[in-house]
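Reader: I would like to learn how to read a protein model, one feature at a time. Where do we begin?

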Amino acid sequence: MNLARCRPEDVDAVTDFLAAADLTLSGLDVPTVRLWIERDPTGSVTGSTGYELSSDGRHALIRSVAVRPQARSRGRGSDLARFALSRAAEEGASWAWLFSRRSGPFWQGLGFAPADRDELAAALADTHQVRLFRSTGQLEREVAWTRALTYADAETPPQNGAASSSGGDGSSGRNLTAGA
């Protein structure tokens with residue numbers, strides 16, 4: 001995978017790419033959004049992935065995971081999602097969350113389970129995307145998903161008990177992202 005951190009000069013191209021994928025465009029240039037892109041030899045964006053961390057660093061809001069249509073159904077989306085999950089875990093996040101109204105089966109295949117939207121909003125209240133969704137009323141239309149990023153956390157649901165479909169073996173700190 002040949003991913004590069006999204007730079008200010010990449011924002012227009014990645015915005016166009018994510019618009020075509022019907023994903024959230026706001027905040028791509030916000031410093032707290034970690035975003036990576038993949039380009040083909042012509043320079044066109046072919047994939048993206050990223051996340052925002054909560055202020056305490058325990059929760060990651062996965063966002064902007066997309067693959068150009070011609071490259072779908074080849075595992076690229078899963079690879080991009082795992083990259084973001086792994087990076088978030090490396091930064092200390094214990095739980096990954098996301099919004100997805102259309103791609104539930106994809107995310108379930110990566111170990112995500114349905115979650116309480118209000119729990120997500122509480123855990124990630126200071127992220128750009130949650131603030132945007134609250135201010136525009138979009139939050140009420142969203143579907144939330146979550147999963148643990150470490151085995152130890154898989155045994156202890158976040159906050160009010162949002163479930164994770166990832167099983168744990170009790171080994172503290174072991175990362176669940178590699179085999180998701």
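Predicted model: local features only at pLDDT ≥ 70, side-chain atom pairs only at ≥ 80, totals over all residues.

Reader: Where does His59 lie, and what does its side chain contact?

Author: His59 lies in strand β4, residues 59-67. Its side chain makes a polar contact with the side chain of Trp97, at 3.0 Å.

Reader: Is Glu140 buried or exposed?

Author: Glu140 has a relative accessible area of 54%, so Glu140 is exposed, the cut-off being over 50%. Glu140 sits in the loop between α5 (128-136) and β7 (144-148). Asp118 is 22 residues from Glu140 in sequence, and the two are 9.0 Å apart in space, C-alpha to C-alpha.

Reader: How should I read a salt bridge?

Author: Side chains of opposite charge can pair when their charged atoms come close. In this structure a search finds 13 salt bridges. One of them joins Arg39 and Asp10, with the closest N and O atoms 3.0 Å apart. This pair links distant parts of the chain, 29 residues apart: Arg39 is in strand β2 (residues 33-39), and Asp10 is in the loop between β1 (3-5) and α1 (11-20).

Reader: How exposed are Arg39 and Asp10?

Author: Arg39 has a relative accessible area of 33% and is partly exposed. Asp10 is buried, with a relative accessible area of 3%. Arg39 and Asp10 also belong to a network of salt bridges that links them with Arg7 and Glu9.

Reader: Which residue forms a salt bridge with Asp22?

Author: The partner of Asp22 is Arg102, and their closest N and O atoms are 3.0 Å apart. Asp22 lies in the loop between α1 and β2, while Arg102 lies in the loop between β5 and α3, so the pair ties together parts that are 80 residues apart in sequence. Asp22 and Arg102 are exposed. For another case, take Glu52 and Arg63, whose side chains meet in a salt bridge at 3.1 Å, N to O. Glu52 is in strand β3 (residues 45-53) and Arg63 in strand β4, eleven residues apart. Both Glu52 and Arg63 are buried.

Reader: How is a pocket found?

Author: Rolling a probe the size of a water molecule over the atoms shows where empty space is left. The largest pocket here has a volume of about 690 Å³. It is lined by 30 residues, and the closest to its centre are Leu23, Val65, Arg102, Ser103 and Trp107. The elements that give two or more residues to the lining are β4, α2 (76-90), β5 (95-99), α3 (104-108) and α5.

Reader: Which element gives the most to the lining of the largest pocket, and how do the lining residues divide?

Author: Strand β4 gives the most, with six residues. The lining divides into twelve nonpolar, ten polar and eight charged residues.

Reader: What about the nonpolar core?

Author: The largest nonpolar core has 23 residues, and those that touch the most other members are Tyr51, Ala60, Ile62, Trp107, Phe112 and Leu149. Two or more residues of this core come from each of β3, β4, α2 and β5. The largest share, seven residues, comes from α2.

Reader: How many residues are in the second, separate core?

Author: The second core has 14 residues, including Trp97, Leu124, Val130 and Ala148. Trp97 is the residue whose side chain makes the polar contact with His59.

Note on methods
Residues numbered from 1 in each chain as written. Heavy atoms only, no water. Helix = DSSP H or I, 4+ residues; strand = E, 2+ residues; numbered from the N terminus. Buried < 20%, exposed > 50% of the residue type's maximum accessible area, 1.4 Å probe, protein only. Polar contact = N/O pair within 3.5 Å; in protein donor to acceptor, adjacent residues only side chain to side chain. 1 Å grid on protein atoms, 1.4 Å probe; cavity = no way out; pocket = protein on both sides within 12 Å on 5 of 7 lines; lining within 4 Å. Points joined across faces, edges and corners; volume = space filled by probe spheres on them. Nonpolar A, V, L, I, M, F, W, Y, C, P; charged D, E, K, R; others polar. Salt bridge = Lys/Arg side-chain N within 4 Å of Asp/Glu carboxyl O. Core = buried A, V, L, I, M, F, W, Y, C linked by side-chain atoms within 4.5 Å.
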